[in-house]
Amino acid sequence: MIDFLTLNALYVVLICALIIWAGIAFYLLRVDRKISQLERRLNRYTESKKS
C-alpha cells in the first residue's frame with residue numbers, strides 16, 4: 001500500500017482534492033436548501049401580515 005502511495009502521489013493529491021470539492025458542494029447544497037426554506041417562511045409570514 002505504501003508503495004502505491006509513493007509511486008502515485010499525483011493520484012493521492014487528486015483524490016484529496018476531489019473529497020474537498022465534494023464536501024464544499026455538499027455544504028453549499030445544504031445552505032441553499034436552508035435559505036430556500038427561510039425564504040418560503042418569510043413569504044408566508046409577509047403574506048399573512050398583508051391580510
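In which helix is Leu-18 found?

Modeller: Leu-18 is found in helix H2. This is a predicted model, in which local features need pLDDT of at least 70, side-chain atom pairs count only at pLDDT 80 or more, and totals for chains, interfaces and linings use all residues. Residues are numbered from 1 along each chain as its sequence is written, and side-chain values use heavy atoms, with hydrogens and water left out.

Helix H2 spans residues 9–50; helices here are DSSP runs of H or I with at least four residues, strands are E runs of at least two, and both are numbered from the N terminus. Leu-18 has a relative accessible area of 59% and is therefore exposed; the classes are buried under 20%, exposed over 50% and partly exposed in between, with a 1.4 Å probe and protein chains only. From Leu-18 to Lys-49 there are 31 residues in sequence and 47 Å in space, C-alpha to C-alpha.

Ile-15 also has its place in helix H2, and its relative accessible area of 49% makes it partly exposed. Together with Leu-10, Tyr-11, Leu-14 and Ile-19, Ile-15 forms a nonpolar surface patch with about 550 Å² of accessible area. Such patches take residues with over 30% relative accessible area and no salt bridge, joining like charges within 9 Å and nonpolar side chains (Val, Leu, Ile, Met, Phe, Trp, Tyr) within 5 Å. A salt bridge is a side-chain nitrogen of Lys or Arg within 4 Å of a carboxyl oxygen of Asp or Glu. Areas follow the Shrake-Rupley method with a 1.4 Å probe, and for residues only the protein chains shown count as cover.

Tyr-11 lies 30 Å from Val-31, C-alpha to C-alpha, at 20 residues apart in sequence. Val-31 is in helix H2 and is partly exposed at 29% relative accessible area. Ile-2, by contrast, lies in helix H1, residues 2–7, and is exposed at 61%. Its C-alpha atom is separated by 25 Å from that of Ala-22, 20 residues along the chain.

The chain as a whole has two helices and zero strands. Its radius of gyration is 22 Å, well over the 10 Å that the globule rule gives for 51 residues, so the chain is more spread out than a compact globule; the radius is taken over C-alpha atoms, and the rule is 2.2 Å times the number of residues to the power 0.38. Along the principal axes, the C-alpha atoms fill a box of roughly 70 × 15 × 5 Å. Buried residues make up 0% of the 51 residues.
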